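Hi there,

Here is the structure I promised to pass on to you. Have a look at it first, and then read my notes below.

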Amino acid sequence: LRGGVKVDFPVRSGRAALLQIVLSAGQAAPAGAVVRLQGGKEEFWVARQGQAYVTGLADTGTLELAWKNRRCQMQVTLPPLKQDDIARLGPVICEGVER
C-alpha cells in the first residue's frame with residue numbers, strides 16, 4: 001500500500017522581533033492584548049510585562065495593539081541584523097489610548 005498526504009506550509013517573508021510594548025502613560029501593555037501588522041490578519045499575543053514575539057516584519061512598519069475595545073499604534077524600526085536574527089526592541093511606545 002502506498003499513500004500520501006499533501007500538507008501546505010505557508011511561507012512568510014520578513015523578520016522577527018521580541019517587543020516590549022509600553023502604553024503612552026508608561027504601563028506595560030496588558031497581557032492578552034493582540035498585536036497585528038498594519039493591514040495584516042495574523043495575530044500575535046502579548047504576554048506578561050508587555051512582551052510580544054512578532055514575525056513577518058519589514059525593516060520599518062506600523063503595528064496595532066488591541067484589547068477590550070481599545071487600540072493604539074506603534075512605529076517599529078528594526079536594527080540591521082542578519083535575516084534570521086531576532087531583534088529585541090523596547091520599550092516600544094504605543095500611542096493613542098490610555099490604559
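Below are my notes on a sheet and on some backbone features.

Please keep in mind that this is a predicted model. Let me start with the sheet. It is open and has 3 strands, running in the order β4-β1-β7, with mixed pairing. The edges are taken by β4 (51-57) and β7 (86-94); each has a single partner strand, so one side of each has no neighbour in the sheet. On average, neighbouring strands here are turned by 35° against each other, direction ignored.

Strand β7 has another feature to look at. The peptide bond joining G90 and P91 is cis, with omega at about 0°, and P91 is itself part of β7. For background, most peptide bonds are trans, and most residues other than glycine have a negative phi.

Q49 is not a glycine, yet its phi is positive, at about 60°. You will find Q49 in the loop between β3 (44-45) and β4. Its relative accessibility is 57%, over the 50% cut-off, so Q49 counts as exposed.

N69 is the other one: a residue other than glycine with a positive phi, near 60°. N69 sits in the loop between β5 (60-67) and β6 (70-77). With 88% relative accessibility, N69 counts as exposed too.

Best wishes

Conventions
Residues numbered from 1 in each chain as written. Predicted model: local features only at pLDDT ≥ 70, side-chain atom pairs only at ≥ 80, totals over all residues. Heavy atoms only, no water. Pairing = 2+ DSSP bridges. Helix = DSSP H or I, 4+ residues; strand = E, 2+ residues; numbered from the N terminus. Axes fitted to C-alpha atoms, helices over the stretch in contact; angles between N-to-C directions. Buried < 20%, exposed > 50% of the residue type's maximum accessible area, 1.4 Å probe, protein only.
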